[in-house]
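Have a go at each task before you read its solution.

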Amino acid sequence: MQARPAIRRHLILCAAVFLGACARPLRVMTFSRGEPDTTSKLKRVVIASPQIKKENSPSPFKSTWVALSEQLQAQGIPSIVVEQDPLELERGQAIRNRASAFGATHLLSLSVASSSITVRGNTTQEGATMWEASVLELDRKKTVWRGITHVYYGHSNNTEQAERVSISIISKLRGDGLL
């Protein structure tokens, strides 16, 4: 009869470990470095993103560029997202054309440096992604800010992930004096 309490304790411990693994929170951390004593402020921003093939993709990445644009617009900074064609022969020409037509003052380049995630439907089950961002002042053709954002996924949907990444980047841009 002594085996039953031991089995019960083992089952309770297994359930606690399983539930703890399922409840991992989404964590987002951004590290940045801005140009010392910069007077550059974001006014009109083109956000350059790699081309995502599927238009209605549930990709947590595609929604991040859109969320970042929305966060900038909420700060009163007009912005657009321009996708880069990986097969474009004149690298960056489409972005330069769109930036010129938009009257952009800055180019914010945001790309996935590394990622290892498991996605089921519209929910990321687990994994991590590292984003690299930089801000180029177009008049001076000078990079005035760089950032790296680490995202550690728990069970979260793409909208939540995109919002948390964009809020983290906006917070660092503000802290570094670009907003």
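**Exercise 1. Which residue forms a salt bridge with Glu137, and how far apart are the closest N and O atoms?**

Step 1. Glu137 pairs with Arg140, and the closest N and O atoms are 3.2 Å apart. A salt bridge here is a side-chain nitrogen of Lys or Arg within 4 Å of a carboxyl oxygen of Asp or Glu.

Step 2. A word on the ground rules: this is a predicted model, where local features need pLDDT of at least 70 and side-chain atom pairs count only at pLDDT 80 or more, while totals for chains, interfaces and linings use all residues. Residues are numbered from 1 along each chain as its sequence is written, and side-chain values use heavy atoms, with hydrogens and water left out.

Step 3. Now check burial. Glu137 has a relative accessible area of 14%, so it counts as buried (buried is under 20% relative accessible area, exposed over 50%, partly exposed in between, with a 1.4 Å probe and protein chains only).

**Exercise 2. Find the salt bridges of Glu35 with Arg140 and with Lys142, and work out which network they belong to.**

Step 1. Start with Arg140: its closest N–O contact with Glu35 is 2.9 Å. Arg140 sits in the loop between strand S5 (123–137) and strand S6 (142–153), whereas Glu35 is in the loop between strand S1 (27–34) and strand S2 (45–50), 105 residues apart. Helices (H or I, at least four residues) and strands (E, at least two) are DSSP runs, numbered from the N terminus.

Step 2. Glu35 also bridges to Lys142, again with the closest N and O atoms 2.9 Å apart. Lys142 belongs to strand S6 and is 107 residues away from Glu35.

Step 3. Compare accessibility. Glu35 is at 17%, so it counts as buried. Arg140, at 43%, is partly exposed, and Lys142 is partly exposed at 37%.

Step 4. The whole structure has three salt bridges.

**Exercise 3. Which angle do the axes of H2 and helix H4 (residues 158–175) make?**

Step 1. The axes come within 8 Å and cross at roughly 50 degrees. They are lines fitted to C-alpha atoms, for helices over the stretch in contact, with angles from 0 to 180 degrees between N-to-C directions.

Step 2. That makes H2 oblique to H4 (under 35 degrees is roughly parallel, over 145 roughly antiparallel, 65 to 115 roughly perpendicular, the rest oblique).
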